[in-house]
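Good morning, colleagues. I would ask you to look at the model on the screen while I take you through a few of its residues and then its overall build.

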Amino acid sequence: MKITVNGLPATVDAGPDDAAVDVLREELGLTGAKAACRTGVCGACTVMVDGVPQASCLLPSAALEDREITTAEGLDHPVQRALAVHDGLQCGYCTPGFAVEGAAFVDAWRAEHGDVAPPRERIAAALAGHLCRCGAYEGIYTAIAAACRGEHDGAEGTPARVEAMDKVAGRARYTTDVRLEGQLEGVIIRSARAHARVTSVKVDAAHVVDLLPPDRTVRYAGQPVAAVAAPTRREALAIAEAAEIGYDPMPAAFDDAPDAPPVYDEAARKHVPSSSEGMELPGGWDGNVRGPFTRASWRGRTAAKRIEAARHDADPRLVTGTFTTAVQVHTPLEPHACVARWDAEGDLHLHLSTQTVGLAAEQAAKRWNLPAERVHVVADHVGGGFGAKAGVGTETIAAAELARACGAPVRVVFSRAEELTDAGNRPGTRTTLELLTDDRGDLAALTMDVHGRGGVAIGSAVAVMARLMYGTAPRRLRDYDVVTNEPPGAPFRGPGAPPMLWALEQAVDEAAHRRGEDPIALRRRWDGNRKRHALYDLAAALPGWTTRPRTGSQTGRFRRGVGVAAANWAYMLDPGTEVELRVEGDVVVARTTTQDIGTGVRTVIADVVREELGLPAGRVRVEIGRTGTVHGPPSIGSRTTASVGPAARDAALRLRKLGVTDGATVVGGRRRDRRGYVTPFPVAGMAIGRGFSGSVHVTEVEVDTRLGAVRPLRVWAGIAVGHIYAERLARSQCEGGVVQGIGYALYEERLVDPVTGTVLTANLDDYRVPGIGDTPEITVHFHRDGWDHVTGNGVGVGEISTVGVAASVGNAVFNATGWRPHDLPIRPDRLLEGIAR
């Protein structure tokens with residue numbers, strides 16, 4: 001078949017039904033188009049066909065014959081420069097698709113309207129077929145508007161990220177793009193049963209890798225059973241689909257009913273996976289319920305007695321409620337992926353989409369009994385993670401074992417259905433809360449019982465988070481795990497905090513409402529966090545807040561509401577972080593074993609080194625995303641920038657003293673905080689510092705009382721984290737946090753068949769993540785004081801920017817309608833039923 005791609009003729013060997021995206025990627029090596037969803041929903045695979053944007057995952061290769069194809073690699077358009085300058089990207093996996101669609105829109109708009117910016121809703125409509133899981137939509141809006149005004153027709157403007165142009169042009173290489181000589185494609189065979197002992201596995205393949213646990217028991221539908229490899233993914237899928245698995249069925253548990261069949265026996269409980277960031281709280285088992293963990297309580301008996309007395313007296317100051325949250329799935333656009341290769345010397349080479357290059361290497365060395373220096377991990381670019389890509393997972397085990405068995409490199413890439421089923425999720429929760437105020441309107445007592453549903457995983461740490469908010473009033477806090485035959489949870493951006501704040505911040509809001517007190521003023525009185533006091537003062541003066549309607553006062557179809565929520569997050573760091581600087585000719589090369597998942601750590605390191613040494617951009621090169629150099633932090637727990645920034649500065653200061661001469665090499669470290677207060681944590685390379693970051697979110701919504709739709713209009717995000725290393729990148733990360741919080745509040749809900757345990761929301765049509773049209777206008781304010789005791793004077797923004805957003809949406813809905821939502825997401829059916837009551 002003859003086609004023209006990016007102005008050049010090409011001949012490809014493809015079947016007429018092969019997807020165009022696969023032909024471009026596998027036949028021509030043009031990897032800018034990403035096969036992220038394969039259902040035409042996400043837009044990451046968009047290319048131009050005769051000048052018209054098309055989803056190439058739905059386009060058969062026969063449709064390419066004698067057509068002009070343009071991919072992001074061949075675009076060279078002002079919209080690409082605009083995206084780079086205005087930071088319309090984070091991880092960058094979706095960015096080439098946005099660039100192609102954006103280029104077509106900008107050209108058409110300017111041809112019709114001239115060099116004027118389109119209205120925001122017009123941009124949203126044009127890009128409606130594209131998703132950015134990082135939530136970089138504010139930067140995309142700004143970039144498209146600037147390109148329409150003609151501001152990037154030339155080469156003006158400095159990209160916000162050092163790797164931005166590689167991402168917008170489709171040149172950045174992710175694990176899914178890696179193709180080695182002789183590479184095979186691996187596919188995982190998964191269980192069709194929610195609970196069974198596997199008695200046999202018959203596969204028509206020369207090499208089959210067993211992925212079952214020692215007891216040969218599967219405990220959820222979709223659990224890995226085995227893996228196979230073939231020259232093409234299509235062949236591997238055919239082998240997997242033809243596999244015959246023998247099952248000895250066992251009854252499955254999908255709820256916490258007292259008579260639910262056991263998920264684990266006594267012996268198997270020792271090997272239960274974790275849904276938290278290494279923070280398994282101790283607790284006993286009662287059937288499938290584990291807990292309670294109560295050690296976070298403070299004067300718990302006093303709290304319970306005060307609550308009981310208030311309940312007995314029907315005290316109107318007692319706020320009670322049961323709040324639930326749905327399971328939220330990470331679903332980064334780059335799925336879990338690994339390319340494994342064993343060399344002739346027995347070294348293991350892993351190209352891996354991971355947030356933890358160093359930890360993955362350590363775990364791989366331990367699993368395959370290798371010296372640390374014989375495991376080599378590469379993650380040049382990572383297409384999102386949000387907590388789900390930590391360490392060695394199923395994709396790594398399958399790829400490495402298949403590569404060893406086959407004697408060839410093997411690539412394993414999760415499908416979107418696999419990603420939405422078995423790649424991690426934020427566990428669902430049910431929270432029973434009681435909050436009591438005294439005569440003065442102060443917090444007198446709080447009780448919170450949380451049952452976390454992490455499937456076959458444990459580690460619910462939700463109620464424990466309530467110990468950190470609103471002073472030292474008595475509180476009884478109890479965490480439980482409800483174990484079911486559903487896929488396991490995993491840490492997700494601020495583990496435990498969003499569901500806790502969903503319940504607590506609405507109860508606080510209700511307490512203010514009953515007292516007739518301004519909700520911001522009440523929070524300020526209760527809150528001892530001085531950094532957050534400054535945010536309260538700013539929030540209280542916002543025009544949207546001062547003109548908010550009286551709760552429940554509006555009539556008519558569309559009603560406006562404004563809500564507030566506060567949050568905090570622990571200051572975490574990796575105290576062993578180092579950065580190596582080496583002068584190579586006239587270039588300073590910075591190296592450390594960390595990775596950039598879209599947070600911009602490459603740029604942070606480059607900016608710090610350039611600033612300290614007074615060098616232009618071209619004379620600093622950052623090499624991260626691989627082992628073989630000094631220790632760097634994982635990209636989890638809001639600690640990457642807070643760890644790497646000070647280490648890079650220390651290294652630059654050392655090099656300045658030594659002299660920037662060819663061959664000079666120094667290693668800088670992250671010095672201990674000047675006042676110490678660094679506490680070790682049970683996760684390797686992690687410590688907790690003194691103090692908490694803080695946030696206040698004020699959200700304005702419009703509620704359609706006829707259709708039950710909630711439309712976020714504006715969000716003001718006050719973030720207290722101290723020094724900001726890269727202003728635009730930090731702002732983008734906070735904007736993305738707001739977008740993900742809105743998704744948690746309004747749209748995202750994993751559904752499981754209650755009979756078979758099969759995940760029903762296994763594609764991006766059924767599992768909805770926010771699109772650009774769902775994005776409100778977002779204003780981010782950074783409060784930079786209060787962190788003088790910290791080396792670097794600042795802490796991370798990744799989690800504090802998102803954990804309180806959903807609660808602010810809930811409070812805004814209450815302000816608009818007088819009905820308080822208790823269940824996430826706030827679906828139209830729930831809202832209509834609620835306001836009808």
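Predicted model: local features only at pLDDT ≥ 70, side-chain atom pairs only at ≥ 80, totals over all residues.

Let me begin with T95, which is buried because its relative accessible area is 1%; buried means under 20% relative accessible area, exposed means over 50%, and partly exposed lies in between, with a 1.4 Å probe and protein chains only. T95 is found in helix 3, residues 95–113. Helices (H or I, at least four residues) and strands (E, at least two) are DSSP runs, numbered from the N terminus. Setting aside neighbours within four places in sequence, T95 is in contact with L83, G88, L89, K167 and V168, where contact means heavy atoms within 4.5 Å.

Residues are numbered from 1 along each chain as its sequence is written, and side-chain values use heavy atoms, with hydrogens and water left out.

Turning to the whole chain, its secondary structure comes to 20 helices and 32 strands. The C-alpha trace spans about 80 × 65 × 60 Å along its principal axes. For 837 residues, a compact globule would have a radius of gyration near 28 Å, and the 27 Å of the protein chain agrees with that; the radius is taken over C-alpha atoms, and the globule rule is 2.2 Å times the number of residues to the power 0.38. Buried residues make up 62% of the 837. Of the contacts with a separation of 6 or more, 77% are accounted for by residues 24 or more positions apart.

What lies at the centre of the largest nonpolar core, in terms of which residues touch the most other members? They are L435 and L504, in a core of 141 residues. A nonpolar core here is a set of buried Ala, Val, Leu, Ile, Met, Phe, Trp, Tyr and Cys residues joined through side-chain atoms within 4.5 Å. Helix 12, residues 497–515, supplies the largest share of this core, 10 residues. Beyond four places in sequence, the contacts of L435 include L504, A507, V508 and A511, and also W526. A second, separate core of 35 residues includes I188, A365, A379 and A400. In soluble globular proteins, nonpolar side chains tend to be buried together.

Next, T431 lies in strand 21, residues 428–437, and counts as buried at 1% relative accessibility. Among the residues that T431 touches, not counting those up to four places away in sequence, are F323, M448, D449 and A503. V464 is found in the loop between strand 22 (443–453) and strand 23 (475–482), and is buried, with a relative accessible area of 17%.

Finally, some backbone details. The peptide bond from G291 to P292 is cis, with omega near 5°, and P292 is found in strand 13, residues 289–293. Another cis peptide bond joins L824 and P825, with omega about 0°; P825 is in the loop between helix 19 (805–817) and helix 20 (828–836).

Is F386 buried or exposed? F386 is buried, with a relative accessible area of 13%, and it has a positive phi of about 65° although it is not a glycine.
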